[in-house]
Structure formats: C-alpha cells, structure tokens
Amino acid sequence: MAREKQAEITIMEPLSPVSRLFVSPGFYGVIVFTLGFKTRCNSSAIVEGIKNTWIKLPRFSSKVVMDDKKNGEAVWVPVNVRVEDHVFVPDIDHSDITNPDQFIEDYTSNIANTLMDMSRPLWEFHVLNIKTSNAESLGIGKFHHSLGDGMSLMSLLYASSRKISDPNALPTTATTRKQVGSNDNWWLVARFWLMIRVIFTTFIELFKSLLTLCFMRDTKTPLMGKPGDRNGPRKIIHRIVSFDDVKFVKNTMKMKVNDVLLGITQAGLSRYLRKKYGDDPVTEKKKSLEETRLRGTIAVNLRPETKIKDLADMMTKGSKCRWGNFIGVVIFPLWIRSEDDPLEYVRRAKATMDKKKISMEALVLYGFIKFTMKIFGVKAVEAITKRVFSHTTLTFSNVLGPNEDISFFEHPMCYVGASALIGPQALIIHYVSYADKIIINLAVDTTVIPDPHVLCDNLVESLEIIKLSLLEKGLHKMEV
C-alpha cells in the first residue's frame, strides 16, 4: 500500500512554474548541445553510460501529461524508457560530404528546428562519427527546456564525466573568490549602506523592467526579430577562441570573465551594425549607433551553491543544488557605439554588470513569475514573457565549464558547445568554457540575420582587438 501511494505521488509531481512555461504551446524551448570528441565514438558505450546515469534522474524517464484532475496542470508521469530509442546513430555517406563543418551545422540546425515528440521523455542524443576541423567525432544532444536550465544540464555533463588525468575523479572548474568582510568598526555602516544601495538599485531596475513590459521597445536594427509569435528557421553555429586571451583581459582590467564576454559582445555587435548601416544605400534609413537602444535578457542562476561536487550531486536526493529551472532574468542595456578605444566596451560592461549584481531584480522577477502562474495561470505568464522578449533584441548567457580535459563516458573530449532556443528573439548568444577554450555559440533566425558567420567573425575579431589594445597601451603586467 505504501508503495502504491508513493507511486501515485510520483506520478502527480507537478512541473515548476518556469518548466510549465516551456511546455506551453506558445513558448516552446529546447537546449541543443554539441560534444566534440578526440576519438571515434562508441555508441554502445554512450548507451550504457546513459543507462547508469541519466535514466536515474526521474525527469529523464518521465513524460509530460496535462492532468485533467488539476485543471490541465502539467505533471511528470514515469514511463519505461528504452535508451536505444533516444540515442540515434545516423547512417552517413561520407563520400557525399565535401565540407564536414557545414554538414554538422546543418545537421545541428535541423535537430533544433524539429519539434520534439511530447508523448515520450523529452531528450535525445545523436552520435556522429564524422571528422571536423575541431573533433574526430561528435555527440549532439537535444533536451526540452522543461527538463532543466543550463546549470542543471551542466550537472549531467559533470556526473557523466571524469578527469582524463585521474579517471576516478570528478571534473574541476575555476572557483569564484568571495571578498572577506572587514572586521573593523565600520562594518555595520558598510552593511547598512550596502542594504540601501541594494534597495535603491532593485527599485530602479524593476521600474525599467516595468517600462519594458509596458511599452519600451528596442530600436529596430538588423538584429531585431520580427513582430509576432513565430520564429523563422534557426541556424546554430559555434566558434572556438582562446580562454587564455579572455583571462588576459580579465586579469589586466581586474574584472570577471562575464564582464569581458559582455564587453566582447558589445564590441562585436557594434562592429556588425556599423558595417550594416554603412552598406545601406538609403540614407534616411540609417540609424546612428549612438541613438540605438539595444538590450539583452541575461539568464541568472539563482542557486546559492554552484560547486562542482554540488553540481555532480544535483541528481541525487537531498542535494544542496536544486535541479530544474531555477533561473531569473535581468534586462541588460548593451553599449552600442563606435568607440575609438575598444577597452571602453569592456569598462561599460563591467560598470553595468556591477549594478546588476547588487540588484535583486532576477530574484524578484522569478518570484513574480511564480505568483502570476499561481494566481492567473500559465497563459498570463506566457503573455508577459513573450512581451519582454519581443521588446528586447537578444538573449545572453555564460556557463563556466571544466578547467581541464575530461572524458564523457570514457570518450576524451575537446570542446562543448550549447544553445538554448527560446522566445521570439532573433539572436541568442551563449558562451561556454572548456579547459583552455571559450566556445561562442550563436542561434539566429536566418530570416532576420542571414549572415551569422559574419556576426560571429565580428565577435572573434573584437576579442583580438581588445587584447591588442591592452598590449599596445602596456597596461598588462608580465607574469614571471
């Protein structure tokens, strides 16, 4: 009897508010990721590895059902899963492939644009033994966003991986240093002043968010999505750059990696738009970069614990880290200008992000979504979210990956890329770090941005220009 009662509770487990949003018909969202391997991929080993890890997580062995007893509320229902039905090994005729990199781009984009079958567990994994310029073989996964956010799905990678240098050890990542508070007599005053700043900054940022929700739209640019709910076909591309270059800028300018990546994004988008406006023969349609309002929605992890051990244990019961979609969103104004000093893009990014860090905007908006979902239902949350996304230009996120080479189910990896496809925005930018690399991932609506490779080139060039500017000005300190 006790077992039957427990099974019934499991069957009726409801989705979280954000997961309910992602399964609503008008707000479909998926995460597509690519794992580059240094060797040929053994599909049997992948299947066995998934059976021993992923399937132990209830959401990977459950499907989403609308429960009539709860007014159509979405719930997780356990089902029997045959892993082999979710792992695909396409029969590829290598003689027909003249450009492997282009083939992988097209294959990945096709996966992203194909709707998932909601009558089964919402994940799949593709094994491709095809050599590209960056890998000997690849694994391409697709998860419905209702399964979890980027941090949750990164925990899958950690739980499925081990260090190459120590096959029994979990991967490691860079740690974030926390400032230690002063013990002098001024600590109470400092704490009080910080509280005042937090309250004031939160109020200002929430007021800006309210204006965005009501009427404030971004300037119409070649990056802005078309009005309406539907997206055009998505194109997914990625580019690998040096993490050491990013760390060089970070250490020299005394800031965080995320500040540098936002600075690179601002510089790259400014270069792209400047060229676009320069090529426009119709003078009255040209818009000065200085008059451009361009903002991005940035996903913020709301979990207090994000250590590797906590991430790897996230799938276990009683973990400190919460599995699922526990993310908030902040609206970030991007500095789009034609700057003579490329370092200004990075300084501006840091200044804006410093304000966001002391704001409770992300947490308050997450609570607002939960409250609205509970009182007014998923349709109201869907309408609010769509309006915010349609009034902004892009989505940005940065995920810190392992800081050394790892193996995925005994397959040595050389890189990992990921893109989350949600909302009506035409441009989604994700940065993922792996060992000594940063992978720039773009997901674009090709009916709006037909030249994503040019845009990606501008991001890569911006990093190089910023680094060279530091070297020319002699602002760096040589490490001995």
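This note comments on one helix pair and on selected salt bridges in a predicted model.

1. Helices α11 (residues 361–376) and α12 (residues 378–390) pack with their axes 7 Å apart, at an angle of about 140°. Angles over 145 degrees would count as roughly antiparallel; the two helices are therefore classed as oblique to each other.

2. On the α11 side, the contact is made by F368, I369, T372, M373 and F376, which meet V378, A380, V381, I384 and T385 of α12. By class, this contact comprises eight nonpolar and two polar residues, with no charged residues.

3. The model contains 24 salt bridges. One of them joins the side chains of E105 and K235, with an N to O distance of 3.6 Å. E105 belongs to helix α4 (residues 100–113) and K235 to strand β9 (residues 234–242), so this pair ties together parts that are 130 residues apart in sequence. Both E105 and K235 are buried.

4. R348, at 33%, counts as partly exposed.

5. D341 pairs with R347, the closest N and O atoms of this salt bridge being 3.1 Å apart. R347 is partly exposed, its relative accessible area being 35%.

Notes: Residues numbered from 1 in each chain as written. Predicted model: local features only at pLDDT ≥ 70, side-chain atom pairs only at ≥ 80, totals over all residues. Heavy atoms only, no water. Axes fitted to C-alpha atoms, helices over the stretch in contact; angles between N-to-C directions. Helix = DSSP H or I, 4+ residues; strand = E, 2+ residues; numbered from the N terminus. Parallel < 35°, antiparallel > 145°, perpendicular 65-115°, else oblique. Contact = heavy atoms within 4.5 Å. Nonpolar A, V, L, I, M, F, W, Y, C, P; charged D, E, K, R; others polar. Salt bridge = Lys/Arg side-chain N within 4 Å of Asp/Glu carboxyl O. Buried < 20%, exposed > 50% of the residue type's maximum accessible area, 1.4 Å probe, protein only.
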